[in-house]
Amino acid sequence: MRSAFLFVVLSVVLSVASISGQTKVSDELTLAAGVSKHAALDDVYTRFSKAYRELDASAFAHIYTSNAAYLAPGQDIQIGGDQIAKSFAGFFNSIKQRDSRLTISFNIVQRKVEGSLSYDVGVYTLTTFNKENSEIGMGRGKFVVVGVREGSQWKFQVDGFSPMPEESPKAEPTIDSFGWLAGCWEMKVPERQMTVTESWTKPAAGTMIGMGRTVVGDRTVSYEFLRIVAIAEGIDYIAKPSQSPTETAFRLKTSGTNEVVFENLNHDFPQRIIYRKPNADSLFARIEGMRDGRVGGMDIPMKRVKCD
């Protein structure tokens, strides 16, 4: 339930697209052409999306039946609404610790309802935002849900999902893959009289060179020298903070369009360094890892500034 791209959803569907014949039930639920509305079933998805917005794991005990089967990729089958709610609690707690929030939307592409049974097939879109409300991640997956009617209420009996396949094979990343980091970036925290700056050179000859500095008032409190380098084993992010006598290397773990994660699980803290570029003038950085047995982290949202 804690994948890098947060593929943790048990239900449905793609965000709203302008496809002829679609029915938009709500901002978070769309029905493809030929799929009929069903007020009681659609309400289950509404409550599912609300639980994600509010990070309310307890809601899932009432969305799933008492003996529901939850089929998440790479995990054993989980049985029971209470057990499923506990799984969501762990996932949502990790999101809260990151001071982030989630939304999930669904696009149902096939539906059949017969008596007290139903099934839906579709695609879900899961989006992650930081505390500044900037989008920092998005994932999509496909799902199949079996619903049952208990009295006047519908619930999920079976929920299986998996990530969508890659649209096309990805080439192995190179230093040039991270050219979007180049430039000068800044975060200001006026109430603390703090300014954090980070700058990166353009890729050249298998390297990118970076530098970071934190100023509080009129005093430099920390700085670090940074490198992204291509080596025989892969690509490393190498950091040398002013407080450390040695360098630390973090190996490239995942990368995508304007997104990269470096990791070193043997380091005390941080263990992961994450960069995302939501738009041309914003850069989101995050450091995270285990501290005192719990996941901890720090977000550093920056804006592009002119390089001096």
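**Group meeting: a helix, its surroundings and the salt bridges**

Good morning. Helix 3, residues 81-97, has 17 residues and spans 24 Å from its first C-alpha to its last, close to the 24 Å expected at 1.5 Å a residue. Please keep in mind throughout that this is a predicted model.

Which residues of helix 3 are buried? They are Gly81, Ile84, Ala85, Ser87, Phe88, Gly90, Phe91, Phe92, Ser94 and Ile95. The cover over these buried residues includes helix 1, helix 2 (60-63), strand 3, strand 4 and strand 5 (101-114). After helix 3 comes Asp99, which has a positive phi, near 60 degrees.

Phe88 and Phe92 are among the residues with the most contacts inside the largest nonpolar core, together with Phe48, Tyr52 and Phe60. That core has 36 residues. Leaving aside residues up to four places away in sequence, Phe92 touches Ala51, Tyr52, Leu55, Asp56, Ala57, Phe60 and Leu102. Apart from this core lies another, of 27 residues, including Ile175, Val196, Leu252 and Tyr275. As a general point, nonpolar side chains tend to be buried together in soluble globular proteins.

I turn now to strand 3, which is part of the cover over helix 3. Strand 3, residues 64-71, runs parallel to strand 8, residues 153-163, and four bridges join the two. Within that pairing, Leu71 has Gly160 of strand 8 as its bridge partner. Strand 3 also pairs with strand 4, residues 78-79, this time in the antiparallel sense and over two bridges. Here Tyr70 stands opposite Gln78 of strand 4. The hairpin formed by strand 3 and strand 4 has six residues between the strands, and Gly74 in this hairpin takes a positive phi near 75 degrees.

The next topic is charge. Side chains of opposite charge can pair when their charged atoms come close. How many salt bridges does a search of the whole structure find? The search finds 17. I shall describe three of them.

In one, the side chains of Glu28 and Arg53 meet at 2.7 Å, N to O. This pair links distant parts of the chain, 25 residues apart: Glu28 is in the loop between strand 1 (23-26) and strand 2 (29-31), and Arg53 is in helix 1, residues 39-54. Glu28 is buried, at 17% relative accessible area, whereas Arg53 is partly exposed, at 41%.

Another salt bridge joins the side chains of Arg251 and Asp236, at 2.4 Å, N to O. Because Arg251 lies in strand 14 (residues 248-256) and Asp236 in strand 13 (residues 234-241), the pair ties together parts that are 15 residues apart in sequence. Is Asp236 buried or exposed? Asp236 counts as buried, at 7% relative accessibility, while Arg251 is partly exposed, with a relative accessible area of 33%.

The side chains of Glu259 and Arg276 also meet in a salt bridge, at 2.5 Å, N to O. Glu259 is in strand 15 (residues 259-263) and Arg276 in strand 16 (residues 272-279), so that distant parts of the chain, 17 residues apart, are linked by this pair. Glu259 is buried, with a relative accessible area of 14%, and Arg276 counts as buried at 14% relative accessibility.

Finally, there is a network. Salt bridges that share partners join Arg98, Lys253, Glu263, Arg272, Arg286, Glu288 and Asp299. Thank you for your attention.

Terms used:
Residues numbered from 1 in each chain as written. Predicted model: local features only at pLDDT ≥ 70, side-chain atom pairs only at ≥ 80, totals over all residues. Heavy atoms only, no water. Pairing = 2+ DSSP bridges. Salt bridge = Lys/Arg side-chain N within 4 Å of Asp/Glu carboxyl O. Buried < 20%, exposed > 50% of the residue type's maximum accessible area, 1.4 Å probe, protein only. Core = buried A, V, L, I, M, F, W, Y, C linked by side-chain atoms within 4.5 Å. Contact = heavy atoms within 4.5 Å. Expected span 1.5 Å × (residues − 1).
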